[in-house]
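My notes are below, in the order I took them.

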Amino acid sequence: MRRDNRPGFCESFAGMSLSDNPRPVIAVIGAGAVGGYYGAKLAHGGFDVHFLLRSDYAAIHEKGLEIQSIHGDFTIPAKQLRAYDNPARMPKADLVIIALKATSNHLFDSLIRPLLKPDTALLTMQNGLGNEEDLAALLSGERVMGGMAFVCNNRVAPGVIRHISEGWVRLGEFLGPPQPRTDRLAQMFNDSGVECRVIDNLAHGRWEKILWNIPFNGLGTVMDLTTEQLLATTDGVALVTSLMQEAMSIAERLDLTWPADFIERKLEMTRRMGAYKTSMQIDREQGRPLEIEAIVGRPVKIARELGVSVPRIETLYRMLMVLDASSSSRSS
């Protein structure tokens, strides 16, 4: 992931309105399981949050946004919820949180540009690799931050999100070290009941999540198994572990490393989730486009460029592509 160490880099953004505004305007683009949950937490925490919605707009506009959480249920009533179906009707934002599926990155320009001020910050909380790069290429890298959401939650009905485990967030800057805005945003999450920390190396955070996503999103989708089912047998644990090890071999070539017990700690965290269906598995069930490229395809491409052999991940990638092609042909 790119870094820029130019003297004075990001000085114009370090003191931006997100840093010094006690109640910044926040726009959430993609208010599904992730965007809806974290946006609702910020709104429930007293921040000025505006949601851009598509399929759930009518339901949320009528009934509000309901969060069923292990940390306590709450609802943002419709009369208090700022919901929109068109970004042109939304106010200019100090912060735009992007929680779209990575398959919708081609919509960045039309959905985000109407919300921008000169100092608007962009936080992508999307799955996979390459989302920061896509934003930076279109809307300037100095605006961009990345957020890793380690959360088990699902949209169970229009306007209803069920949160069953984890929920913490890690934040980093795309082009440099943490800035005042990074710390300010982390504090906003913490003030809203979301455990959040700032990290110095965004690439490390992205790959840490990829190490989990490749086996559990990938295998869960191909085999239609929950995380609990994948870890229920010694063969399943061995398969998940081997995929994680291959992904770590790519990351190591990028000078990214983890403690020796990292995989076991991730497996134990996953066991606590119970019978969790990953986002891509649910997308398959519901006939939606799959985030194959962001989660598996881009790591495979990087491995090929670096000359790293990852035969199991390559096989998983091909299986996902066959599955996606089969689903597309049935729906056409």
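**Entry 1: ground rules.** I am working with a predicted model, in which local features need pLDDT of at least 70 and side-chain atom pairs count only at pLDDT 80 or more, while totals for chains, interfaces and linings use all residues. Residues are numbered from 1 along each chain as its sequence is written, and side-chain values use heavy atoms, with hydrogens and water left out.

Entry 2: I took helices (H or I, at least four residues) and strands (E, at least two) as DSSP runs numbered from the N terminus. Two packed helices are described by the angle between their axes and the distance between the axes. My axes are lines fitted to C-alpha atoms, for helices over the stretch in contact, with angles from 0 to 180 degrees between N-to-C directions. Helix α8 (residues 202-223) packs on helix α11 (residues 262-273) at an angle of about 60 degrees, and the axes are 12 Å apart. That makes α8 oblique to α11; the scheme calls angles under 35 degrees roughly parallel, over 145 roughly antiparallel, 65 to 115 roughly perpendicular and the rest oblique. On α8, the contact (heavy atoms within 4.5 Å) uses Glu-208, Leu-211, Trp-212 and Phe-216, and on α11 it uses Phe-262, Lys-266, Leu-267, Met-269, Thr-270 and Met-273. By class I get seven nonpolar, one polar and two charged residues in this contact. Here Ala, Val, Leu, Ile, Met, Phe, Trp, Tyr, Cys and Pro count as nonpolar, Asp, Glu, Lys and Arg as charged, and the others, Gly among them, as polar.

**Entry 3: α10 against α11.** Next I checked helix α10 (residues 234-253), whose axis comes within 11 Å of that of α11 and crosses it at roughly 130 degrees. The two helices, α10 and α11, are therefore oblique to each other. From α10, the contact takes Val-237, Val-240, Thr-241, Met-244, Gln-245 and Met-248; from α11, it takes Phe-262, Ile-263, Lys-266, Leu-267 and Arg-271. The classes here are seven nonpolar, two polar and two charged.

**Entry 4: the pockets.** I used a 1 Å grid over the protein atoms alone: a cavity is a set of points where a 1.4 Å probe fits but cannot get out, a pocket is an open set with protein on both sides within 12 Å along at least five of seven lines, and lining residues have an atom within 4 Å of a point. Grid points are joined across faces, edges and corners, and a volume is the space filled by probe spheres set on the points.

The largest pocket holds about 1000 Å³ of space. Its lining has 42 residues, with Gly-32, Ala-33, Val-34, Ala-99 and Lys-101 nearest the centre. Strand β8 gives the most to this lining, seven residues. I sorted the lining of the largest pocket into 20 nonpolar, 14 polar and eight charged residues.

The second largest pocket holds about 350 Å³. Of its 15 lining residues, Leu-129, Gly-130, Glu-133, Arg-298 and Ile-302 lie nearest the centre. Helix α13 gives the most to this lining, with seven residues.

**Entry 5: the cavity.** I found one cavity of 30 Å³ or more, and the space in the largest cavity is about 30 Å³. Its lining is made by Ala-31, Gly-32, Ala-33, Asp-56, Leu-65, Arg-155, Ala-157, Gly-159, Val-160 and Ile-161. Strands β8 and β9 (160-173) are the elements that give two or more residues to it.

**Entry 6: Arg-304.** Which helix holds Arg-304? I found Arg-304 in α13. Leaving out residues up to four places away in sequence, Arg-304 touches Glu-314 and Arg-318.
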